[in-house]
Amino acid sequence: MSNQIKIGIVGYGNLGRGTVEAIKQCPDMDLVAIFTRRTPDSISVNEPNVKVLHISKAVDYKDEIDVMILCGGSATDLPEQGPDLAKMFNTIDSYDTHAKIPEYFNSVDRSAKESGKTSIISVGWDPGLFSINRLMAEAILPNGENYTFWGKGVSQGHSDAVRRVEGVKGAVQYTVPIDEAIEKVRNGANPELSTAEKHLRVCYVVAEEGYDQAKIEQDIVTMPNYFADYETKVNFITEEELKENHSKLPHGGFVIRGGKTGSDNKQIIEFSLNLESNPEFTASVLVAYARAAYRLNKEGQVGAKTVYEIAPVYLSPKSAEELRRDLL
């Protein structure tokens with residue numbers, strides 16, 4: 001296919017691997033290279049035409065890659081990589097530290113505007129698709145309340161944050177919605193729910209030998225923006241248990257808004273996801289927004305963007321005429 005969008009990937013963990021698979025389903029895209037901080041020879045990619053290079057080589061591909069998809073973690077990778085790579089490339093990322101999104105947006109926006117690039121931040125399903133649904137529901141039912149429930153599933157961002165705690169050899173974190181809270185919302189009660197009343201966070205941790213497990217647990221449960229506001233349970237297990245029982249990456253969740261219209265009619269809007277592979281689904285969202293970043297940049301719309309500023313027509317490989325005919 002001529003005029004394919006040339007894609008690069010930074011990072012080759014679960015999300016990076018999912019992105020490779022997502023690109024395969026898009027005939028209008030061509031994966032050029034994967035960039036890593038690891039030794040490139042240590043990464044095996046079953047794609048003969050895709051280069052695997054050290055991240056220091058990215059600058060050499062400024063003119064060969066249309067959009068760089070950033071697959072690092074939000075805790076430490078993206079705050080550095082996002083602004084730096086926006087100086088050279090159109091970028092997409094899945095930055096998901098909700099409390100710091102405005103700060104991160106401003107940092108990336110400065111870089112992208114200076115370089116004439118387009119960067120879409122915080123892409124995925126939350127933030128991302130759930131963000132859109134919260135906005136739509138609030139606009140349609142102004143007299144109401146939004147509720148977001150995540151799980152039960154593995155949170156990649158929170159699991160990554162746990163793995164970065166000193167003394168942690170391996171870990172996975174499950175976000176678990178509290179059923180009683182969901183039912184109250186679906187019944188139209190519009191309850192006031194604290195963060196802790198909506199979810200549990202359950203961690204399974206493999207500790208490095210010789211480290212104080214009590215200190216590791218304290219470092220996890222007091223972590224701001226991740227665990228401090230939740231009831232968090234930390235379970236220490238063996239490496240074998242982690243591999244055998246916690247190697248899959250399911251997830252999902254709900255956005256529900258309860259509101260009233262007219263005299264006193266209860267209305268419920270609900271959007272839900274049930275995912276067998278969180279990273280593969282998130283990667284699929286990233287790839288769709290990579291198409292949007294490419295098109296926006298061609299139109300001269302530079303700087304940082306979020307899903308709120310992206311019209312749906314930019315995501316689809318179909319033309320506007322085809323969309324009106326097939327989907328409207």
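Modeller: Helix α4 (residues 129–140) supplies the largest share of the nonpolar patch, three residues. Helices (H or I, at least four residues) and strands (E, at least two) are DSSP runs numbered from the N terminus. The model is a predicted one, in which local features need pLDDT of at least 70 and side-chain atom pairs count only at pLDDT 80 or more, whereas totals for chains, interfaces and linings use all residues. Residues are numbered from 1 along each chain as its sequence is written, and side-chain values use heavy atoms, with hydrogens and water left out.

The patch consists of Leu 135, Met 136, Ile 140, Ile 269 and Tyr 308, which together have about 460 Å² of accessible area. Patches take residues with over 30% relative accessible area and no salt bridge; nonpolar side chains (Val, Leu, Ile, Met, Phe, Trp, Tyr) are joined within 5 Å, and like charges within 9 Å. The areas are Shrake-Rupley values with a 1.4 Å probe, and for residues only the protein chains shown count as cover. Ile 140 belongs to helix α4 and is classed as exposed because its relative accessibility is 52%; exposed means over 50%, buried under 20%, and partly exposed in between (1.4 Å probe, protein chains only).

The criterion is a side-chain nitrogen of Lys or Arg within 4 Å of a carboxyl oxygen of Asp or Glu. The structure holds 18 salt bridges, and a network of them links Arg 37, Asp 77, Asp 160 and Arg 164. In helix α11 (residues 320–326), Arg 324 and Glu 321 are three residues apart, about one turn, and their closest N and O atoms lie at 3.8 Å in a salt bridge. Glu 321 is exposed, since its relative accessibility is 51%.

One is open, with three strands in the order β7-β12-β13 and antiparallel pairing. Its edges are β7 (144–150) and β13 (265–275), and because each has a single partner strand, one side of each lacks a neighbour in the sheet. From one strand to the next the twist averages 10 degrees; axes are lines fitted to C-alpha atoms, for helices over the stretch in contact, and angles run from 0 to 180 degrees between N-to-C directions. Seven bridges join β7 to β12 (residues 251–261), and two strands pair if DSSP finds at least two bridges between them. Gly 144 stands opposite Gly 259 in β12.

The other open sheet has seven strands in the order β3-β2-β1-β4-β5-β6-β14, with parallel pairing. β3 (51–54) and β14 (303–305) each have a single partner strand, so one side of each is left without a neighbour in the sheet. Neighbouring strands are turned by 25 degrees against each other on average, direction ignored. Helix α2 (residues 77–85) packs on this sheet, touching β1 (5–10), β4 and β5, and its direction makes about 175 degrees with that of β4; contact means heavy atoms within 4.5 Å. Helix α3 (residues 101–115) touches β5, β6 (118–120) and β14, at about 140 degrees to the direction of β14.
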